[in-house]
Every structure is written in C-alpha cells, then in structure tokens.
Amino acid sequence: MAAQKNGKDCAGRRSKRMEVLSETDVLIVGAGPVGVTLAALCGRLNLRTCVIDKLPSMQMQPRAMALDNEALRILQLAGLDEASFSRFEVPQVRLRSTSFGQFARMNTKGLVDGHPMLISFFQPELELALLESLTRYPSVQLLRPVEWFETIEDDEGCTVSLRCADGGVRRVRAKFVVGADGASSLVRRSMNVGFKGSTYQEDWLVVDALNVDKEFSHVEFSCDPQRPTAHIPGPGSRQRWEFMLHPGEIAEDMLKHETIKKLQIERTAVYRFHARTAAVFQQGRTFLVGDAAHVSPPFIGQGLVSGLRDAANLAWKLAWVVRAQANSRILSSYHTERQPHVWAMIQLAKWMGILVMPRSRWAALLVHGFAKIATRIPGLRSLIVDIKIKPKNRFRLGLFAPRRFGNRFEHGNHLVQGRLESSTGEVLLSDEVLGHHFQLVGIGIDPQEYLTSIQRDVWERIGGKTTVLLARDSVGRAGWVDLDDSFGVRRFPHGWVVAVRPDKVIVADGEPQRTDAIVQTIVGLLQ
Ligand SMILES: Cc1cc2nc3c(=O)[nH]c(=O)nc-3n(C[C@H](O)[C@H](O)[C@H](O)COP(=O)(O)OP(=O)(O)OC[C@H]3O[C@@H](n4cnc5c(N)ncnc54)[C@H](O)[C@@H]3O)c2cc1C
C-alpha cells in the first residue's frame, strides 16, 4: 500500500509503520456544502467529527443557485441563521416556448414551515457561512488540504488513510466514515457499488453576471429546441444564464453572443448533467451523502437540497449509535428512507428536462402543448402551478411506527414547523424549541403526566424530551403557545401526543393515555 511505503505523517516525520494518530467518531470526506452541513449537525449533537477536504479552499465554480423551504429548514437545524447568507425570494418559475409563449408557470411565493418556498443565493457565500459556523463546535475539526484514499473496516471501527499536503500519510481511527466527496466520489468507487442512471449528451454553459442593472424577478426557462436557456435572478445585482450548447459548439462561441457580451461576467463553466444514484448509500460503517450518493440535472434545483436532506437524516442516527442510545441496526434506515425520495426527485428533474430541452420543434409542440392543456385541467393544474408534483419528503418504509387506525398524524412524514411563544413572550420557530432530541409533543396536554417515573427515566435514557403546545386562549398553563395554529391544538379538545425524531420525522402518535405505549414503541425501534 502506497501509504505504508511512503511512511510519512503530516508533520513530515518518517516512520517504518504508520501509527494511528488520532481518533474521531465521524470522519467526513469532503467539505463541500453537504459535508460541512453534516459536520455542523454532528457538532450540534456533540459528536467528535473530523471533516477533511483535498482542496486548500472551497470551490468557486457556478453551481447551485436555488434552494427550497426544506433546505432552509435543514440549514436552520444546522444552526445557520437567516442573515448568514444573502438570498432573493423567487415568486415564480415560468416556462416559455416558441409556439405558445408562456405555457406554464409555478407559484413559489410564500412561506412553508417558516421559510420561503424558493430562494436564489450565491453558493460560495453559503459555503463560507457554513464553514464559519463550524468554529462554534469544539468537537468538530476541519482539515484541508487532506485527501482520503483508503478505509479499512474492522469490528470496532475504521482505519482511514489520509494524505496531507506534504505527501505525508496520516491514519485516523473513526467509528464511521461518510463520503461527501462529490460526484466523482472515490469513497463510492472504493465501495464498488453501482452509480446507475444516465448522462446527458449535451453540454450546458453557465454564465454568472454581476451588476446587472435590468431587473429580473422570476426564474425563466426558454424552452426553444434551438437554444434552451435558463435565466435566474440572484441576490443583489447577480443574475445567471444557462445555455445548452449544440454538438461541436464551444463555450467561447456562445460567450461572443450579443446578450452576453454586454454583461460583467463573474464566472463561467461548462457542465454535462447526470441523473444517477448509488445502488446503496451505506456499506458497513461507510455512508454516502450529497453528490457522492446521487447527482441530478439542475432543472428543478434539487441536487444540493437532496444532499442536505441526506445530512439531516443521517446525523442524528450516527449520534444515537455512537452514544449507545440506539442499536447500529437503525443505520440501515438511512438508505431505506433516502434512496426512494432521491430517485423520485431525479425522475422529476428529468421530466422537467424534457420540457426545457425538447429534441425538435415537433417534440416541443407536443410536450409544451400537453403542459399548456394540463395547466387548464383542474386536477392537473395544481400539480404544475402549485408544484404538487414535487415528491413529498415522507417515507413509506423506515424508522417509525406503522400507521394504524386512529392515528391523526402521518408517520414517516415531517412535523410542520410553526411559531411558538413561551410564557415569557419569547417567539421561536418550533424546531428551535424541539431541539436535537426525540420529543413527545403534547398537544394541549403535558405528556409527562401520562408517564410513570420509570417510563420517564426510560424516555430520558434514549434521549427523549417533552414539550407542551397550547392554544392561544389557554391561560395559566405552562407550555408554548401555538401562535398560528400550525399544530391544530384546537382540533384536539382532549389532547394528543405526537412523537418526533431529532430530524422532526413523525414516529408515532395517539391519545394521551397511549403515551407509555408510544415510548415503548420508540424504545423498540431503537433496539
Ligand atoms: C450548473 C449547476 C447548477 C446547480 N443548481 C443547483 C440548484 O439550483 N439547487 C441545488 O440544490 N443544487 C444545484 N446543483 C447541484 C449542487 O451544486 C450540488 O448538488 C452540490 O454542490 C453538491 O455538494 P456536495 O457537498 O455533495 O459535493 P461537492 O460540493 O462536490 O463537494 C465535494 C468535496 O469533496 C472534496 N473531495 C473529493 N474527493 C476527496 C478526497 N478523496 N479526499 C478529500 N476530499 C475530497 C472536494 O474537493 C469537494 O470540496 C447544481 C449543479 C450544477 C452543476
């Protein structure tokens, strides 16, 4: 093995046999936006975490520009506040064709779970904010430039071989390794799992411009088969254009175009898009997240969002296993829960690709005509206009109790987020109140009152807490007031209990008298 032959550690010392220099709970390979978000979530959960990147500083290529409310909620969970990176709220996405003019639009105005439905942003600014946030967590260490090249797994953990900038090799013991090393992931290749899917034939030129004085407030796809183009407004005076290139055409030709010549170009890049996912997201103690696990054409702006969903799903599971509050068997639910949703999103992105880049005028007439008609048929209209077609981030199988008759909340779905007010008048979003714990959320009741002291101990031992939600008009009771009736406190005159995981996925629910049974169910799921 090259590492042993070279026999040098990061400080440049030579040694015959490399020794294990340090130890961590989680080693994350790749400090891109997904790896760093995962590191921040691990930091919040007090996991000893080491995140490494082979590059000395972050990537500056023009990539993600749009995030949805789910992504913003996960960034909130990772401790990033709204002001930490600039954003532009996008109210609408429009699709235009040469034959029909505007043939479809999607409404993206408004808030869902406390966050705008769609924003545009500047990826390097977000990544910088995420990197800076890591300094808040003493248990998180960022090392760069350090390259991963091998993991050897045993019963107790992994020995990971890393190459430092000076060519020296360092060995780290980690309980778990996460490959967040992007689309060409070496970690994925070392796992020998497939990366099924397809690669597009065409290249796209991405042009980011600064100081654009012409105002532009919506995302627009010009779905002309001669030249499919996307135009996206950014925060400040930034705007992006994406142009499909024809075979044989090079970026330089396109950059001579009149529209582009007038722009103050900040950066450009040429990409070929992929629609692929790894066959498995976990192998033993190694996991894949973000582009290492799946890549999506960017037509619906979900590549990074999917990666953030991975991070939120995986972080707490690793923490519970490391703290011995759960059996390592729960880790297999990461793949079970994430992979089907990732694949559904990729299929939607491909479908959008058919609208954006039809192969010919005839194909354009057909698909754009169909979409135009669909937006006039009541049942189909909301699929497009209200984006109901977007796959919901809820699981069919996974780490939650099966639904049974009498349940009022959808197990495997995410609990809504709303504004809550404390008895002292402090107003917080509910995820802040629920924190990074399992929670028994008492709707109109205190779940503690329905547990014996032994059951309370059991609940605490598995990392559980309780929270009381009250209606606006409840007087003199301890708890958080559901300011906007997001949790429907009034719908439950005799109270209700909902159990949620640290990532806010609903695990079980029932009448207050079933609180002990709910605790037992969760104990069973974690065993
Ligand atoms: C043109 C374009 C537009 C896009 N638009 C959107 C959008 O609007 N919305 C959206 O959600 N997504 C979008 N995406 C997708 C999004 O950019 C990616 O999904 C996201 O950046 C991936 O982040 P990541 O952290 O998984 O991987 P990356 O950002 O690729 O990070 C991987 C890191 O791993 C490091 N690394 C690699 N190998 C090693 C190794 N052996 N050892 C150590 N470090 C290593 C790399 O240096 C890199 O820093 C777009 C993509 C493109 C190309």
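Colleague: Which residue's side chain meets that of Glu337 in a salt bridge?

Modeller: This is a predicted model, in which local features need pLDDT of at least 70 and side-chain atom pairs count only at pLDDT 80 or more, while totals for chains, interfaces and linings use all residues. Residues are numbered from 1 along each chain as its sequence is written, and side-chain values use heavy atoms, with hydrogens and water left out. A salt bridge is a side-chain nitrogen of Lys or Arg within 4 Å of a carboxyl oxygen of Asp or Glu. With 2.7 Å from N to O, the partner of Glu337 is Arg501.

Colleague: Which three residues supply 40% of the area that domain 1 buries against domain 2?

Modeller: An automatic or database assignment sets the domain bounds, giving domain 1 (2-84 + 120-194 + 276-349) and domain 2 (419-526). In contact (heavy atoms within 4.5 Å) are 16 residues of domain 1 and 16 residues of domain 2. The two domains bury about 1400 Å² between them, buried area being the accessible area (1.4 Å probe) that two parts lose on being put together, summed over both. More of domain 1's share than from any other three residues comes from Gln76, Trp316 and Trp320.

Colleague: Which helix gives the most to the side of domain 1 that touches domain 2?

Modeller: Two salt bridges are found across this interface. On the domain 1 side, α2 (33-44), α3 (69-77) and α8 (303-322) each supply at least two residues; helices (H or I, at least four residues) and strands (E, at least two) are DSSP runs, numbered from the N terminus. With five residues, the greatest contributor is α8.

Colleague: Is Leu126 buried or exposed?

Modeller: Leu126 is placed in helix α4 (residues 123-133). Beyond its neighbours within four places in sequence, Leu126 contacts several residues, including Leu67, Phe85 and Leu304. Buried means under 20% relative accessible area, exposed over 50% and partly exposed in between (1.4 Å probe, protein chains only). Because its relative accessibility is 1%, Leu126 counts as buried.

Colleague: How many residues apart in sequence are the parts tied together by Arg48 and Asp25?

Modeller: Arg48 is partly exposed at 34% relative accessible area, whereas Asp25 is buried at 6%. The closest N and O atoms of their salt bridge are 2.9 Å apart. Because Arg48 lies in the loop between α2 and β2 and Asp25 in strand β1, the pair ties together parts separated in sequence by 23 residues.
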